[in-house]
Amino acid sequence: MYPIIILPELQALIPPLTPQEYCQLETNLLKDGCREPLSVMEDVDERQNPAFSLLDGHNRHAICEAHGLPYKLHVVKGLLTREDVHLWIIHNQL
């Protein structure tokens, strides 16, 4: 699996969870595992190596990484421009 890149510009489009919501998500993930795949797009890292950029699931990703929990990825296709990416994230959050 390719590494996952967290782009602050994309993460900023997602409303942050309250501390209570984050704690509840962490509790749920520890109890039930990560049931929803993280949404990513194919990308490259700073060295032009294949990578994934995280589109949705930033909190789940952080919690899973912190606790060594497995997770699945859903690769979103057809996002050709940054505007496409931004619109996908905004619509997905609705």
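This is a predicted model: local features need pLDDT of at least 70, side-chain atom pairs count only at pLDDT 80 or more; totals for chains, interfaces and linings use all residues.
Local features need pLDDT of at least 70, side-chain atom pairs count only at pLDDT 80 or more, and totals for chains, interfaces and linings use all residues. Residues are numbered from 1 along each chain as its sequence is written, and side-chain values use heavy atoms, with hydrogens and water left out.

Four strands make an open, mixed sheet in the order 1-3-2-4. Strands here are DSSP E runs of at least two residues; helices are H or I runs of at least four; both are numbered from the N terminus. Two strands pair if DSSP finds at least two bridges between them. Strand 1 (4-5) and strand 4 are the edges, each pairing on one side only.

Now take strand 2 (residues 38-44). On one side, 6 bridges join strand 2 to strand 3 (residues 50-56), and the two run antiparallel. E42 stands opposite F52 of strand 3. Strands 2 and 3 form a hairpin with 5 residues between them. In that turn, Q48 has a positive phi of about 70°. Strand 2 also pairs with strand 4 (residues 73-75), in the parallel sense, over 3 bridges. There S39 has H74 as its bridge partner, and V40 stands opposite V75.

Next come the helices over the sheet. Helix 3 lies across strands 1, 2 and 3, at about 120° to strand 3. Helix 4 (residues 82-93) lies across strands 2 and 3, at about 40° to strand 3. Axes are lines fitted to C-alpha atoms, for helices over the stretch in contact; angles run from 0 to 180 degrees between N-to-C directions.

Helix 2 (residues 19-32) meets helix 3 (residues 58-67): their axes come within 10 Å and cross at roughly 55°. That makes helix 2 oblique to helix 3 (under 35 degrees is roughly parallel, over 145 roughly antiparallel, 65 to 115 roughly perpendicular, the rest oblique). From helix 2, the contact (heavy atoms within 4.5 Å) uses Y22, L25, E26, L29 and L30. Helix 3 supplies N59, R60, A62, I63, C64 and H67. These contact residues divide into 7 nonpolar, 2 polar and 2 charged.

Finally, check helix 2 itself. At 1.5 Å a residue, its 14 residues should span 20 Å, and its end C-alpha atoms are 20 Å apart, which agrees. The expected span is 1.5 Å times one less than the number of residues. Just after helix 2, G33 takes a positive phi of about 80°.

Conventions
Ala, Val, Leu, Ile, Met, Phe, Trp, Tyr, Cys and Pro count as nonpolar, Asp, Glu, Lys and Arg as charged, and the others, Gly among them, as polar.
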